[in-house]
6 protein chains.
Amino acid sequence: MNFKTQFFEDYQIGHHRETLGRTITETDIVMHAGQTGDFFPHHMDTEWCKTQPFKKRIAHGTLTFSIAIGMTATEINPEAFSKGYDRLRFIKPVFIGDTIRVIVTINEKKESNKPHLGQINEHVEVFNQNDDIVMVCDHILLVNKKNHS
Amino acid sequence: MNFKTQFFEDYQIGHHRETLGRTITETDIVMHAGQTGDFFPHHMDTEWCKTQPFKKRIAHGTLTFSIAIGMTATEINPEAFSKGYDRLRFIKPVFIGDTIRVIVTINEKKESNKPHLGQINEHVEVFNQNDDIVMVCDHILLVNKKNHS
Amino acid sequence: MNFKTQFFEDYQIGHHRETLGRTITETDIVMHAGQTGDFFPHHMDTEWCKTQPFKKRIAHGTLTFSIAIGMTATEINPEAFSKGYDRLRFIKPVFIGDTIRVIVTINEKKESNKPHLGQINEHVEVFNQNDDIVMVCDHILLVNKKNHS
Amino acid sequence: MNFKTQFFEDYQIGHHRETLGRTITETDIVMHAGQTGDFFPHHMDTEWCKTQPFKKRIAHGTLTFSIAIGMTATEINPEAFSKGYDRLRFIKPVFIGDTIRVIVTINEKKESNKPHLGQINEHVEVFNQNDDIVMVCDHILLVNKKNHS
Amino acid sequence: MNFKTQFFEDYQIGHHRETLGRTITETDIVMHAGQTGDFFPHHMDTEWCKTQPFKKRIAHGTLTFSIAIGMTATEINPEAFSKGYDRLRFIKPVFIGDTIRVIVTINEKKESNKPHLGQINEHVEVFNQNDDIVMVCDHILLVNKKNHS
Amino acid sequence: MNFKTQFFEDYQIGHHRETLGRTITETDIVMHAGQTGDFFPHHMDTEWCKTQPFKKRIAHGTLTFSIAIGMTATEINPEAFSKGYDRLRFIKPVFIGDTIRVIVTINEKKESNKPHLGQINEHVEVFNQNDDIVMVCDHILLVNKKNHS
């Protein structure tokens, strides 16, 4: 984790970075239930899950999202501000023992409604150990332009 | 937390529900850093935060989102499936000691691309103790229709 | 979780409610040891447990009690006050991987030593996935009477 | 924490032991909510608590009980078995920042319904930093008698 | 845990004490990653570990050290001060499911550079369930001498 | 966090790297007590601490060490192996609210007793927000040499 200044002009369409892997554990699910208060049986009740199509406990969507985004938190750009996320989709379930990794790709640059800020779209893809995409979203950044007061 | 069956036809535009409040604590932030691996100084370094416009440690966006969504997890509809989230925006910072509550409003119903499923949009608004909106998003549900094999 | 006002007169002998299930995990035991400081080998040492009649690590009694009571915490009655618990008994061990559910039955109503308050006894039964009772206790509530200043 | 063998005959009425102190923190309450799923506003919502007679967040009863019992878990008697607890009463609220300590007194010895086991009553008293009693209960032990097959 | 006063003169070379056992769990590793921010794949990525000589996730060195030292924290000597540790060595990996125990031996007494304080060396050895040494270190204590103002 | 290959020859005496800051919180101390089982009153009892020279709860030595080492865990060198730590010293207490940062300096290179491995000494210094050194240690690495089978 370190600071690295990047202005709007410095972002390159197509640039991507990939994280290492992280195994999602029962501990992660139990702690996420505890943090959020979501104790739905999909995450917490092995007996009920056996009666469902997915058969096993699955990670909370907010857990997969939080860990995936956290895995990308390696460089702090003091010129960028997170505006939010679009098109967050949970494509496949994440089970206990699955190992996820994340690829982030710059896929859009455009003007914002403030002249000194451009808008960057980071496309976030989360894969499991079988190279299946399990989650996607778009992270929207507002980034200062160079030489703009 | 309990099961309550609702078909697509049962959802009413304009129906809303409101959660009780929950105070965001230093513990929540430290545990969320620990769960996600995001130890950015915005959340973890009081000295650095003093040098920034917001002055104090702020909650991770993924923390506010996870807790807010968890606060709404009270009824399990076995006929509904979460497709994902759209237009997630972090409007104001959430500080340690802020108390948030959530209002969820059904604001859109439409056909999906499968005839037996309709799509519901739940608009999620998160307020702090001063009634400022701090976060919004749209939760997209696919819901079974009645009498549809 | 929501508020629901109930006066002493509103409680009906024989009324019962049942929770969903929750699987007790290794994480729960490790975190409960950490919260309480009880690191007895019954809970923390798989090698020692192999030498004991129960063969496997067992949940702390206080863990089973805390989770079971927590599972029943769904409605807040502003007219009721918890006085405490009687006849808390640990009937069978709870092992890692067991799934518990709780049935709460109103089984006694009587006068308290204050005229405006009645005493309610909620009988709490905790079952595992084999429908064995693993824990029981009686929760004692003091509840306001109607039309009593 | 260590093993110390004590038979029924070894317990002395009036014998007592006292723990050191432990401060109950916001972290304890947040983690106990997370472990039990009890996010009642009494423990989690500072704004709502301001409107209540007790003014501040209070520890869950199950938290005070679990920590207090954990504080007494220093010696493992392989001849004793915990049967349960009686007369658990929450006498005063425990607030964040309160420091509790526990005194355990042997106050009853009697026959059980099995000839080789006697029943011991340990009276548990929990005090805060002002020497107010905040919780009491009776821990019931079944203990092997000497020279009894 | 209790206070037990011991002056420099009271420490006996060769005296040793041994803890009970504790099983190192996946939960311990996930929580230690969360506490320290060390999410190296050696501890967190089962897929990557399969490609390494040790094949399975291993405990952080700082985790083994912290738990082992914590296991020895049973008596508080108000006359002693921890100066630090020397020769901390990680001899064998600690895997999830391993059960460790600790033996502490007084192996050196000598003068310090202050006349009223002596220096004690506690040799700490950590064993797994196969009686392999997995970690060693020397804990250095400064201890008040008797009758010395 | 990423892989970066460095052979013994690549390490430069005097090279140093500095981490960002991290504030040590009450949560960190409570969770470290829970992970290690060390509930000594120095860390857990505000009332007792008021009677001591340091007046306030202090971080466990193993906590400061674990977090400081974790803060340096940014690059994984597949050619290096951690042998252990020497001269770990706790110089000043770390209090709740202190913010620490870490400087790591390569200060020694020498032959090991295996011809294909050299030994590197990383000197680790931990500072608080007042630029006081609170902890030091030496991290000993064994590192592969280039062109050595």
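A residue counts as partly exposed when its relative accessible area falls between the buried limit, under 20%, and the exposed limit, over 50%. With that in hand, welcome to a few close-up views of this predicted model.

**View 1. Lys146(A) and Asp10(A) meet in a salt bridge.** Lys146(A) sits in the segment after strand E8 (133-144) of chain A and Asp10(A) in the loop between strand E1 (2-3) and strand E2 (16-18), so the pair ties together parts that are 136 residues apart in sequence. Lys146(A) has a relative accessible area of 34%, so it is partly exposed. Asp10(A), at 26%, is partly exposed as well.

**View 2. In chain E, Asp10(E) and Lys146(E) form a salt bridge.** Their closest N and O atoms are 2.9 Å apart. Asp10(E) belongs to the loop between strand E1 (2-3) and strand E2 (16-18) of chain E, while Lys146(E) belongs to the segment after strand E8 (133-144), 136 residues away. Both are partly exposed: Asp10(E) has a relative accessibility of 27%, and Lys146(E) has a relative accessible area of 35%.

**View 3. Lys92(D) pairs with Asp132(D) in a salt bridge.** Here the closest N and O atoms lie 3.6 Å apart. Lys92(D) is in the loop between E5 and E6 of chain D, and Asp132(D) is in the loop between strand E7 (117-127) and strand E8 (133-144), so the bridge ties together parts 40 residues apart in sequence. Lys92(D) is partly exposed at 41% relative accessible area, and Asp132(D) is partly exposed at 26%.

**View 4. Asp98(D) is buried yet has no salt bridge.** Look for this residue in the loop between strand E5 (80-90) and strand E6 (99-111) of chain D. The nearest side chain of opposite charge, Lys56(D), is 6.1 Å away, whereas a salt bridge calls for a nitrogen and an oxygen within 4 Å. What Asp98(D) does have is a polar contact of 3.1 Å with the side chain of Gln129(D). The residues touched by Asp98(D) include Arg22(D), Thr23(D), Pro93(D) and Asn128(D).

**View 5. Strand E5 of chain E pairs with strand E5 of chain F.** The two strands, each spanning residues 80-90, run antiparallel and are joined by 4 bridges. Gly84(E) stands opposite Arg89(F). Within chain F, 8 bridges join E5(F) to the antiparallel strand E8 (residues 133-144), with Ala80(F) opposite Val143(F).

Conventions: Residues numbered from 1 in each chain as written. Chains lettered and ligands numbered in written order. Predicted model: local features only at pLDDT ≥ 70, side-chain atom pairs only at ≥ 80, totals over all residues. Heavy atoms only, no water. Pairing = 2+ DSSP bridges. Buried < 20%, exposed > 50% of the residue type's maximum accessible area, 1.4 Å probe, protein only. Lys, Arg positive; Asp, Glu negative; His and termini not counted. Polar contact = N/O pair within 3.5 Å; in protein donor to acceptor, adjacent residues only side chain to side chain. Contact = heavy atoms within 4.5 Å. Lists of a residue's contacts leave out its neighbours within four places in sequence.
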